[in-house]
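I wanted to look up how the chains meet in this model. My entries follow the structure.

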Amino acid sequence: MEFKAKDIAMLVNGIIIGNPDKVISNFAKIEEAKSDCISFFSNEKYAKYLEHTQAGVLLVSKDFNLKVSETTTLIKVENAYEATAQLLHYYQSIQHKIGIESPSFVAQSAQILENVYIGAFAYVSENVNIGKNVKIYPNAFIGKNVIIKDDTVIHSGVKIYQDCKIGANCIIHSGVVIGSDGFGFAPTADGSFQKIPQVGNVVLHDFVEIGANTVIDRATMGSTLIHSGVKLDNLIQVAHNVVIGKNTVIAAQAGISGSTKIGEQVMIGGQAGIVGHIEIANGARINAQSGVSKSIKLENAAVTGSPASDYQSMLKAQVLLKKLPLIWEKLLKLESKLNS
Amino acid sequence: MEFKAKDIAMLVNGIIIGNPDKVISNFAKIEEAKSDCISFFSNEKYAKYLEHTQAGVLLVSKDFNLKVSETTTLIKVENAYEATAQLLHYYQSIQHKIGIESPSFVAQSAQILENVYIGAFAYVSENVNIGKNVKIYPNAFIGKNVIIKDDTVIHSGVKIYQDCKIGANCIIHSGVVIGSDGFGFAPTADGSFQKIPQVGNVVLHDFVEIGANTVIDRATMGSTLIHSGVKLDNLIQVAHNVVIGKNTVIAAQAGISGSTKIGEQVMIGGQAGIVGHIEIANGARINAQSGVSKSIKLENAAVTGSPASDYQSMLKAQVLLKKLPLIWEKLLKLESKLNS
Amino acid sequence: MEFKAKDIAMLVNGIIIGNPDKVISNFAKIEEAKSDCISFFSNEKYAKYLEHTQAGVLLVSKDFNLKVSETTTLIKVENAYEATAQLLHYYQSIQHKIGIESPSFVAQSAQILENVYIGAFAYVSENVNIGKNVKIYPNAFIGKNVIIKDDTVIHSGVKIYQDCKIGANCIIHSGVVIGSDGFGFAPTADGSFQKIPQVGNVVLHDFVEIGANTVIDRATMGSTLIHSGVKLDNLIQVAHNVVIGKNTVIAAQAGISGSTKIGEQVMIGGQAGIVGHIEIANGARINAQSGVSKSIKLENAAVTGSPASDYQSMLKAQVLLKKLPLIWEKLLKLESKLNS
């Protein structure tokens, strides 16, 4: 990207102090900014960096009166933090392309609304339904009968199996697989396992973001269901028939086993594992690397450990774990004292 | 999909009671079925749902005589459970396409038998050998000299490096990588690591299923070997020169380090980790999140914990872990009592 | 591959004893080699296999005088181990293709130096800069403004988001995602989370190898930074703004949370997790499945456990953990003895 200070000022409704033609091509923190960067100052804690910042352009609030280098162009705005957020969102929105690149594969029966981007080597199967402003990046695969609602972004290399439904304003990062078969097999008499057909689907509601290389399996029957506002990090496993409630946030490499129901506003730490067929109450907090083997029935409960247990008592136990050699020593001493 | 009741009846050799032209387009459990769904009743436990089910079509056994809504068409069969399984398998089998879509890349030296599907943007390299009825979905990459035997399904975006061999009747889900380099480096005098070339391959026998985004590294020399009937879930790591025995089942996000040999009929839970260069006996059961650091020599042994140990005694220890604060308190009390 | 003994001898400057026209097509260990394999003997420990090896060609050192089958052609070299390494590297180097296959997508503004391979269905975006001898395999996606330096190999299906920089002599395996958005969200009053735009990038220095399906998120601002010589195994999570120091080696399925700084020559075991915003000293060793929740300030420190602690004392504690039932029993006995 390349922007002039005056273009940015117009965008955020700001006043320029310095060179209006100053060109910047990058965002940076105030302490790391070089002369081709725009930065912002909205927290007094960072005042110490002002004197030496090399930022080409600096967004500041209108009452700003501290000293910066003459080579730094100031843009004064009502609220520097909000203006920065506005600018960043604008920057991200203009990244996207429009149009259908060639060669791509779009089945005749697919329905595609306006303002869509379909990148080269993307595959849109029969009866797919794509809403307004949807962006499908190169090498993505959209299976038969899939529905993708307005304003959703499908990054390159995403694979969505047939019959899945993706809500509006979702962001699906590269390498994500949605709708692969659930892991269901029936043991047979000869020791082998017979596949149980997985004929359900995956349904994502609106404003869901899915991190790179995460996998969400389709339901055996019915739907694996991700409610609106859910944010999944990278490399997460969501098994068949799982339900994840509204605004729940799950960190990287966590895994949810089959048919488990996660409540709303739950927070799950990285590499945590949750067994199948249990329920996690709204607002629960599951620490990183926890192994949850039983339902959490108490709302807002916090757990840690593997197997997971109440956070506070588990922390105490973990501290004492390191004292086990001392405990053992004391115990043997007491024993011998008492025996003599 | 869209099926009429009479078509289904013919397929499963059943007798229709109700509207033979009733159209269904989905499978569902009896308690969730809507009027466009087919469901089945084979277990008395679910009899309570019969009265209110909205299923358009219901598969029941021939001696069925309970009451259902008049809008539900019954199909009476010898065995409702088996007829359902038959129907589900039929449904899955008709999902697949046939033919070579354009544009795809198929090297002239590749040999391809009849009834194959190669999707658009799939890449089939030199000297690849593809058996009958194999389905290769869009954006898959098949490296040089790879062999894929009859009836195997390669989902979209699978990557198979050169020289690997895939058996018959395998299912490889999207995002799987087979044959990437093993993680082998030799330390050098200056602290850097020199790559050890990985010139082996990966061999999958028949009826293997590999879950989405799982990775199986090629052997340094020789083969990383997955025996027939093995089922791997999503996001699993199988390192170079690992051997996995017949009918072993591994849950999501587990990891097997280099050169470890897993026996037959082993069950490994999610997120379990197994160190390199050890052996796991036939029938062993490794609990989720276990960390196995030594060979398991006893057949059918069960382990849990990290480091993993005998399941029963480890469970007891884990329960007492939570009592550590109490243990510590009691110990200090005894100590002071004895000292006074 | 197919090589004659005389071609190999020329390559490694060796002397043939036996049939110079013997054809081999595979590498193998001496104990597994078949007649179409080349193997090597450089360690006396393996002398027991010499008598029965079926290797078609055997690389040995010049003073070799042990007995092998008459069907095995010997190639005598200065140093058998080094000659083997040389041969393996040669073999790997000739695997790569040259040229731009069709159809691929290369933006007009992309700059591409000589001797490059761009596979079919690869996508090279605007302003991408590709160095000499770079190999980009089929179905890879290279986002806008990405720089890839000389001699780097991008395997099939790799996805690199815009603005990222890849050094020289790197190897990026299939399914890797570089530059996906960091996991950053701000809570809002209604319980939903607002995305924090991620406008930084990922920078890889030279000689970095990244294993299959690993993910490296872009920085919120600034760069997620992987220094030269770093080796990452498969399915690893590297969050936004992480820094990984020179020659650090990380095993499969480990995860590094946001803004954490890993030193040089650190070794991290499989499935280990490291929380965000901490620092790990140079030379630290983090055991598999560890959960590191605090900075490691001591160089070359070794830790294990979750939460992680000093390796030696943690090992002792883990051994005693199994004795907890005994500890509990002894404690209750002492208590009752003292009370009576």
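How many residues does the contact take from chain A and from chain C? I found 56 from chain A and 66 from chain C, with contact meaning heavy atoms within 4.5 Å.

I noted the conventions: this is a predicted model, where local features need pLDDT of at least 70, side-chain atom pairs count only at pLDDT 80 or more, and totals for chains, interfaces and linings use all residues. Residues are numbered from 1 along each chain as its sequence is written, chains are lettered from A and ligands numbered from 1 in the order in which they are written, and side-chain values use heavy atoms, with hydrogens and water left out.

Entry, chains A and C. I read a buried area of about 4900 Å², 64% of it on carbon and sulfur atoms; this is the accessible area (1.4 Å probe) lost on putting two parts together, summed over both. On the chain A side, Phe121(A), Trp328(A) and Leu338(A) lose the most area to chain C, together 12% of what that side buries. I counted 3 salt bridges (Lys or Arg side-chain nitrogen within 4 Å of an Asp or Glu carboxyl oxygen). One joins Lys330(C) and Glu335(A), at 2.9 Å from N to O.

Entry, chains B and C. Here 66 residues of chain B contact 56 of chain C. The buried area is about 4900 Å², and carbon and sulfur atoms give 64%. Phe183(B), Phe193(B) and Met221(B) supply 14% of what chain B buries against chain C, more than any other three residues. I again looked up the salt bridges and found 3, including Glu126(B) with Lys97(C) at 3.3 Å, N to O.
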